[in-house]
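Here are a few quick notes to read alongside the model.

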Amino acid sequence: MTPLIKEFRFLFWAILGVIVPFGFFLCFFPSSTHSYWAWVVPHPRSAMLIGAAYLGAIAYYSLVLKENDWSQTQNGMGGLIIFCVVLLIATMAHWHQFRMYHITTLVWLIFYYVGPFMVPIAYRKQNALRTSFDGGKGTHTLGRAWRFLQIGRGFFYITLAVFWLAMADAICQIWPWPIEPLELRVFAGQPAIIGWNAIIALSDRQQWRSHRLGLVLGGAIGFVQLVGLLVNSTPYNTAGVGIVLPLMFIEWTLTPLLMFIKHERKKS
């Protein structure tokens, strides 16, 4: 096992320092974004849509720090970069909506501009210290059927993310609650994370250990999103996209759960 270098541990602690408070505020005080967020989110459901990703990611980063194992962390780095790139695109497209000189705007810019530059540098240093794979729990490979499932769902969700980025203005018109293109483009980062699974499934890193924490990330986000849809009392149109969203979040939750049930019970 190769432990994480101090640069990655610092990065993950810094991420937790951002997503814990903002995830809490966005999910539990979604109507007060004018007082704490980088831009004013008009609808509470939209604020919860963003905050749920942060709350779900807490489980992932906490486990990454607890496991302290590069072989389990490595595959998730690409998803982090893709998420940052999607949010940078959303930021550049809607910069006029951001609150200039607000502390949260500064944190947002540092978070999503520094990440894509810092991660590749730390990644290269981490790989230079990598030791041979040492076996242990989770060294068996991902099953063929599960690999094809990861590839299929991955390409579906990355296509969906690109579509939402490009067509946000039109999609807002059929969304199940009133939403702005900025919030929708920010949300596109979440299916983009799921889409990264296709790249990983196509790579030569097929050991279950390499996939498990990345699946925790997608599963936790899906679960929190599903709970958010159920507990928020604002109007929700169940027609069209309105029925697709909960089904998508159920899939995000159940697929990782089933994969854990299947693979964690295998003996090394």
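1. A crossing is called left-handed if the near helix is turned anticlockwise from the far one by less than a right angle, and right-handed if clockwise. By that rule, α7 passes α12 in a left-handed crossing.

2. Some ground rules: this is a predicted model, where local features need pLDDT of at least 70, side-chain atom pairs count only at pLDDT 80 or more, and totals for chains, interfaces and linings use all residues. Residues are numbered from 1 along each chain as its sequence is written, and side-chain values use heavy atoms, with hydrogens and water left out.

3. Back to the helices: the axes of α7 (residues 144–166) and α12 (residues 241–264) come within 13 Å and cross at roughly 155°. The pair is therefore roughly antiparallel (angles over 145 degrees). Residues of α7 in contact (heavy atoms within 4.5 Å) with α12 include Trp-146, Tyr-157 and Trp-164; on the α12 side, Trp-252 and Met-259 are among them.

4. Now the rings, which pair if the centres of Phe, Tyr or Trp rings (six-membered ring for Trp) lie within 6.5 Å. The count comes to 31 aromatic pairs. Trp-37 and Trp-108 have centres 5.7 Å apart and planes at 90°, so they are edge-to-face (planes over 60 degrees apart). Trp-37 sits in the loop between α2 and α3, Trp-108 in α6, 71 residues apart. Both are buried (under 20% relative accessible area, 1.4 Å probe, protein chains only).

5. Tyr-60 and Tyr-61 also pair edge-to-face, at 4.9 Å and 70°. Tyr-60 is buried at 2%, and Tyr-61 is buried at 7%.

Methods:
Axes fitted to C-alpha atoms, helices over the stretch in contact; angles between N-to-C directions. Helix = DSSP H or I, 4+ residues; strand = E, 2+ residues; numbered from the N terminus. Parallel < 35°, antiparallel > 145°, perpendicular 65-115°, else oblique. Phe/Tyr/Trp six-rings, centres within 6.5 Å; stacked < 30°, edge-to-face > 60°. Buried < 20%, exposed > 50% of the residue type's maximum accessible area, 1.4 Å probe, protein only.
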